[in-house]
Amino acid sequence: MGFFDKIKQGLTRTKQNMSTKLNATIASFTGENDEFFDELEETLILSDVGGEASMKAVDRLREVVSERGLRGPDEVKAALREILVDMLGEKGRMKLDSRPSIILVVGVNGVGKTTTIGKLAKLFEDQGKHVLLAAGDTFRAAAAEQLGVWAERSGADFVRHEEGSDPAAVVFDSIAAAIARKTDIIIVDTAGRLHNKSNLMNELNKISRVIDREMPWGDRETLLVLDATTGQNGLLQAEEFAKSAPLTGIVLTKLDGTAKGGIVFAITQKLGVPVRFVGVGEQADDLIPFDPEEFTEALLG
Ligand SMILES: Nc1nc2c(ncn2[C@@H]2O[C@H](COP(=O)(O)OP(=O)(O)OP(=O)(O)O)[C@@H](O)[C@H]2O)c(=O)[nH]1
Ligand SMILES: [Mg+2]
């Protein structure tokens with residue numbers, strides 16, 4: 001199955017919810033009137049696009065409709081599509097050129113960090129890149145085993161320490177091993193939950209400092225994993241995590257299990273951080289590089 005079909009399938013529930021309502025609203029367009037724009041805004045908000053992003057999109061659409069003198073629903077739909085694509089930002093890619101480069105994966109427990117790392121390892125290994133997985137979640141029993149299984153599946157190297165040990169030391173050893181083995185990309189798994197929140201943030205800070213110190217020349221991405229099924233809640237989590245390390249990208253998981261795909265727009269607006277990947281299932285190839293145009297197309301149909 002191609003990427004586009006995959007994203008379409010992953011978005012089935014969102015489509016049923018959002019596209020149907022959106023298309024119905026757009027079909028009712030008969031010319032500029034406040035009622036139409038209010039209804040459109042409401043439809044977007046109900047589709048989890050978020051108040052701020054919905055208002056922005058509709059305000060822009062008002063401008064475009066009047067500037068270009070748009071008439072039928074088809075023209076309005078094309079304009080809305082353009083605006084939505086625009087809101088999602090550039091297609092962009094992660095900068096992982098140094099050898100090694102490093103991806104730090106953060107997020108609250110259960111959102112899909114370890115699974116995403118497994119999928120990423122497969123994606124990079126399939127591209128001929130050599131990957132090392134660092135078991136930085138030393139808190140939860142069986143976390144390292146779970147990551148080890150993914151390492152084995154994808155053919156990635158794997159560094160772990162004892163349960164309860166210092167994750168920063170795991171990262172230190174992983175960097176040394178990656179340099180010695182000429183590994184291309186290190187991916188660091190982290191705990192989603194510790195005894196309390198400030199412990200977690202301190203731990204992430206410490207890992208971050210080790211990376212600064214050991215590979216100041218290295219390219220680094222910090223990916224925040226958010227579970228799409230939690231909707232707007234994820235935005236609060238993001239703000240917390242952003243304090244511990246500057247985020248460079250979002251991975252939105254479990255899009256296959258939710259009608260809340262519209263949350264992608266709220267996330268990009270609110271955080272100003274691009275969505276890099278979306279997760280659409282539990283299997284190794286259920287991770288899709290995010291493309292604003294494909295996504296919007298899949299959504300609006
Ligand atoms: N349907 C679906 N399930 C997913 C996706 N990504 C992850 N999961 C499932 O979500 C559950 C939690 O995934 P993990 O990868 O263990 O989450 P985690 O963030 O590492 O959790 P902690 O280690 O406890 O912090 C697992 O059952 C995964 O299979 C996705 O894109 N779609
Ligand atoms: Mg995990």
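1. A residue counts as buried when its relative accessible area is under 20%, as exposed when it is over 50%, and as partly exposed in between, with a 1.4 Å probe and protein chains only. Thr 222 has a relative accessibility of 2% and therefore counts as buried.

2. The model is predicted: local features need pLDDT of at least 70, side-chain atom pairs count only at pLDDT 80 or more, and totals for chains, interfaces and linings use all residues. Residues are numbered from 1 along each chain as its sequence is written, chains are lettered from A and ligands numbered from 1 in the order in which they are written, and side-chain values use heavy atoms, with hydrogens and water left out.

3. Thr 222 sits in strand β5 (residues 220–227); strands are DSSP runs of E with at least two residues, helices are runs of H or I with at least four, and both are numbered from the N terminus. Leaving aside residues up to four places away in sequence, Thr 222 touches Leu 104, Val 106, Ala 245, Pro 246, Leu 247, Thr 248 and Gly 249, where contact means heavy atoms within 4.5 Å.

4. Ile 211 belongs to helix α9 (residues 197–214) and is buried, at 2% relative accessibility. Beyond residues up to four places away in sequence, its contacts are Ile 102, Val 171, Ile 175, Pro 216 and Arg 220. Phe 172 is 39 residues away along the chain, yet its C-alpha atom is 7.6 Å from that of Ile 211.

5. Around ligand 1 there are 19 residues, the closest being Lys 113, Thr 114, Thr 115, Asp 256 and Glu 282; a residue belongs here if one of its heavy atoms lies within 4 Å of the molecule. Helix α6 (residues 113–126) supplies the largest share of this shell, four residues.

6. Polar contacts are pairs of N or O atoms within 3.5 Å. A polar side-chain atom of Glu 282 is 2.5 Å from an oxygen atom of ligand 1, while for Val 111 a backbone N or O atom lies 3.3 Å from a ligand 1 oxygen. Ligand 1 alone exposes 650 Å², of which the protein buries 80%, the areas coming from the Shrake-Rupley method with a 1.4 Å probe.

7. Rings of Phe, Tyr and Trp (its six-membered ring) pair if their centres lie within 6.5 Å; planes under 30 degrees apart count as stacked, over 60 as edge-to-face and the rest as tilted. The count is four aromatic pairs. Phe 290 and Phe 295 have ring centres 5.1 Å apart and planes at 55°, so this pair is tilted; both residues are buried. Ring pairs also join Phe 29, Phe 36 and Phe 37 in a cluster.

Technical notes. Polar contact = N/O pair within 3.5 Å; in protein donor to acceptor, adjacent residues only side chain to side chain.
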